[in-house]
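Here are my notes on this one, in the order I'd go through them with you. Have the structure open while you read.

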Protein chains: 2
Amino acid sequence: MSRDQITAARAAAFKRYVPVLDWGARYDNGQLTSDLVAAVIVTIMLIPQSLAYALLAGLPAEMGLYASILPLVAYAIFGTSRALAVGPVAVVSLMTAAAVGNLDLAGPSEYAAAAITLAFISGVILLVMGVFRLGFLANFLSHPVIAGFITASGLLIATSQLKHILGIDAHGHSLVSLLGSLLGHLNQTNLITLVIGAGSVAFLFWVRKGLKPLLLSLGLGPRMADILAKAGPVGAVAVTTLLSWGFDLHSMGVAIVGEVPQGVPPLTLPSFDADLWTSLFGSALLISVIGFVESISVAQTLAAKKRQRIVPDQELVGLGASNVAAALSGGYPVTGGFARSVVNFDAGAETPAAGAFTAIGILAAAMFLTPLLFFLPKATLAATIIVAVLSLVDFHILKATWRYHRADFTAVLATILLTLGFGVEIGVSAGVVLSIVLYLYKTSRPHIAEVGLVPGTQHFRNINRHKVLTHPELVTLRLDENLYFANARYIEDYLLERISCGGLKHVVLMCSAVNEIDLSALETLEELDRQLMDAGITLSLSEVKGPVMDRLMRTTFVEHLSGDVYLTQFAAMQALGPVDGALPTCEGQGDAA
Amino acid sequence: MSRDQITAARAAAFKRYVPVLDWGARYDNGQLTSDLVAAVIVTIMLIPQSLAYALLAGLPAEMGLYASILPLVAYAIFGTSRALAVGPVAVVSLMTAAAVGNLDLAGPSEYAAAAITLAFISGVILLVMGVFRLGFLANFLSHPVIAGFITASGLLIATSQLKHILGIDAHGHSLVSLLGSLLGHLNQTNLITLVIGAGSVAFLFWVRKGLKPLLLSLGLGPRMADILAKAGPVGAVAVTTLLSWGFDLHSMGVAIVGEVPQGVPPLTLPSFDADLWTSLFGSALLISVIGFVESISVAQTLAAKKRQRIVPDQELVGLGASNVAAALSGGYPVTGGFARSVVNFDAGAETPAAGAFTAIGILAAAMFLTPLLFFLPKATLAATIIVAVLSLVDFHILKATWRYHRADFTAVLATILLTLGFGVEIGVSAGVVLSIVLYLYKTSRPHIAEVGLVPGTQHFRNINRHKVLTHPELVTLRLDENLYFANARYIEDYLLERISCGGLKHVVLMCSAVNEIDLSALETLEELDRQLMDAGITLSLSEVKGPVMDRLMRTTFVEHLSGDVYLTQFAAMQALGPVDGALPTCEGQGDAA
């Protein structure tokens, strides 16, 4: 390679990790305008959300704002999605509260320091996963498990916010403990807080359902109406803050946000205490994976609409950089949010620069608007959270999985019940483990079909489902699973049982559905061949796939096999016996599906 | 059902759980003679083994004898194998030492009580697995992992016995800690002990290798020669005991077995302390599964030689009953032993009654022979253990797996290294988990082959391996794996990448190797279909299996699919475009294996 080629290769590698160098070089005025418009709209939506989610995470309100500044800039540099809006989100905020709440901490400043460290660990995990291309790990979260987890989290979050609506104190990481705590303090309900909170909830629901039709009937364009409807929370914040200030509601027991520091985000550093890292690591891993899955689903959906592609492993780098940025600027764990990304996309964002412009908007809010937030009732923020998360609650997945597959249903039901009963971390971990266990269980008892020739074709199908031709001395079994340690013995037992009825000369195992034969299964096949040989029966294979055959050829299996390996099942049948309509009869057979 | 039918059904169910009722009713004199001969030979072999393995487990010698009496009777009643000889075995004894050694116990009597409780928990686990037919769980131990575990355990056991050969003190559950401890005490070596120990080892190795040929050359029949060679340990025990007594070796620092209580096994009860159960449960589960796997492998191998079948779930009941019996009669965890079962089989055992007769032999030993064991040097017992377990050590599995499949190799290497480095429990657990993780990893990145028609057939194969016919507007991809949550995204990415080169009108997914489509994968296919439709490409499926199709028909997937579902790939090709020799060219394609 010449020096120029090396330089070019280095530049390409660098661009892979820093996508801004690619799209930034071609940035034009049209894109600038689109991105600016989107940024303004997202900023308006993000200010109350940032404050509210910080409250949900049990952190000071300003940490929500800080988490919406530098992390967005980091994502704009390292991310690949053109529409993803990064920042604090509901589920990750709840998980942060659970993770930090598990620690035995002295006070609010230790709590904030732990959240900063959590963001840092989470960022490092995401970066490592990105650099080592471990994004596939997120695939072990099945869709139903995610759907169940999000639904249960939504319920948990909404319940956790009821205390702010009622103006009482309540704690707990599970539905039962939360409800118990709420009921225990119900007599302390502050009526004025309840009026503010319930009023905000009602207003925000009306904004969601009723404002858009109203605006449309007033002649606004559908996109504008949609975006204005999304600004509802800002309206609620403004009105209730004014009421709180005008009537001095704080003196009547209404909890308000209070002093929010004014200025740019502070420079912070995570703790490097080994014990703290050990306690937080598991939670950080869950937050990273859940955050990544949530983020990439939105990013892929939006990218597909414009025929763009996102790079999952680079997304890990982008989100990792965002979380490290959050840790360095007084924030807490962030990820790509569903609702705000859709708003960003609908508002016309064309490049990740929209995120950077949003960051400038939030920075301005942190510098100039925070004094105005002093009188903002916490109940209003709780109301915005409740309305936002209840849209996540969707039990449809239970019905869909029940109809489609009981194993999927079991996994999603367990995820929902365990999340509600024992909190987010146990719930989602159990969902993942259960999905895997159920999958392995299914593959450990595979479907085995006895097949025959479909007349007039060279195609073989199940004798119990199709009218097919067979031969009395030949039985062909299609093994519908990879042959591996977990099912080797099952397959051996099945075959020995099947051949015990006598009258057979040849057994052919049709391997069109066998994508792997591991050493355990190979030893089982060798043993089976010996046993069949003793009974005067040959064992052959057909339709063995290339990669599987490659491995078999490294052993003496084929050499020692009593029968042959046939390219096609048709060739096997032609070689071993002409087709016949009769079937070997054997009691107890014939009803295998 | 009539009353008679009900009675008959009850009797059949009862016989299922108590096989002795079945074979016992047909027991004859010929069988009695064969069983008695086998029992005498196994008894002679089992006496030194029982004492030695109790020593290995860190228990008083008599517990080895007790574990070889009632448990054998219980297995004779409930077991299905006609040759399996149950009792204390090397690996389970080592696991017992590890499990009980982990506890912080006050003294030998607490240690013995914990071993009794361990046997009881293990028995209950096996019984529960048997009744609920959970025997398949043992299948998750792959052959290579078991082979690696047994080899590493053999090395650990042999090393742990060196202290008795040297007459020094040493402790540790890993190879490193054992060797360190041995080296630290090496200067305390007792030379006379070393002579007895090393002499016994040399003698026993000679018995294994040299005695049988000698006996054969003296004119003995091969079976008799084989059985006499197995009695070598009894000879070593007799000779060294006489030496120890005659020269009063104990006064010269040679450790002897000392007083072994004389009489029938005591009636014991397990502890029902909840904390103890909690600490022992994980170990008991591992012991149960490992013991079951070891036992069933021998039982199946021996049964196959006589064309008998054993019932795995009933074997769990048999072994469970044995362990409960061990707990009730002063024993410790037992299972079917490899060497003694082979001896039992070769000696002509015809029914499980041989085990019951062996139990009578060991009972006689416990009642009358124990005073003779007073002067038996512990070094002799250690020598019998070392010679027995070194035959388990076989690194061949590393070479076999290296040649066959790197994933199998990785699992077996990790099992060996972790067992040696961190002990049996961590070693075998890691092996199981790693096998599963590697299997899931493989299925998460499946092989996908682009296929074409093999000329002159209706058969389709990989375009990169076979000369096949294709059509420029049609691409057929054979998905070589179940479509499920762990690979749904990978398959989506692969397909979108593959179709991005243009010129296509139809994509056919050939599902002959797809044994399952879960809900995550179904949603991915629906999304893919939408994206292909936008690009003017139809998506069809072919060769979908019956069970998979049944599930798809419960949804609207097929109804909404842009293409069709074809019974055969040949039918799909006939419908979508006549065969052609040309391939769509697309950069970056064509080298997929």
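1. A term to settle before we start: a salt bridge here is a side-chain nitrogen of Lys or Arg within 4 Å of a carboxyl oxygen of Asp or Glu. By that rule A:Glu516 bridges to B:Lys442, with the closest N and O atoms 2.6 Å apart.

2. Some ground rules. Keep in mind that this is a predicted model, where local features need pLDDT of at least 70 and side-chain atom pairs count only at pLDDT 80 or more, while totals for chains, interfaces and linings use all residues. Residues are numbered from 1 along each chain as its sequence is written, chains are lettered from A and ligands numbered from 1 in the order in which they are written, and side-chain values use heavy atoms, with hydrogens and water left out.

3. Now the interface. Chain A and chain B bury about 6700 Å² between them, 52% of it on carbon and sulfur atoms; buried area is the accessible area (1.4 Å probe) that two parts lose on being put together, summed over both. In chain A, the residues that lose the most area to chain B are A:Tyr404, A:Tyr439 and A:Phe485, together 13% of what that side buries. The contact (heavy atoms within 4.5 Å) takes in 72 residues from chain A and 73 residues from chain B.

4. Polar pairs and who supplies them. Between chain A and chain B, 38 residue pairs are in polar contact, both at pLDDT 80 or more. That term means a pair of N or O atoms within 3.5 Å; within protein, one must be able to donate a hydrogen and the other to accept it, and residues adjacent in sequence count only if both atoms are side-chain atoms. Which helix gives the largest share of the side of chain A that touches chain B? That is H20(A), with eight residues.

5. The sheet in chain A. An open sheet of six strands runs E4-E3-E5-E6-E7-E8 in chain A, with mixed pairing. Its edge strands are E4 (460-462) and E8 (565-566) of chain A, each pairing on one side only. Helices (H or I, at least four residues) and strands (E, at least two) are DSSP runs, numbered from the N terminus, and two strands pair if DSSP finds at least two bridges between them. E7 (residues 538-542) of chain A and E8(A) pair in the parallel sense over two bridges, and A:Ser542 stands opposite A:Tyr566 in E8(A).

6. A salt bridge within chain A. The side chains of A:Glu450 and A:Arg498 meet at 3.0 Å, N to O, in a salt bridge. A:Glu450 sits in strand E3 of chain A and A:Arg498 in helix H21 of chain A, so the pair ties together parts that are 48 residues apart in sequence.

7. The sheet in chain B. Here too there is an open sheet of six strands with mixed pairing, in the order E4-E3-E5-E6-E7-E8 (chain B). Strands E4 (460-462) and E8 (565-566) of chain B are at the edges with a single partner strand each, so one side of each is left without a neighbour in the sheet. E3 (residues 447-453) of chain B and E4(B) pair in the antiparallel sense over three bridges, and B:Phe460 in E4(B) is the bridge partner of B:Leu453.
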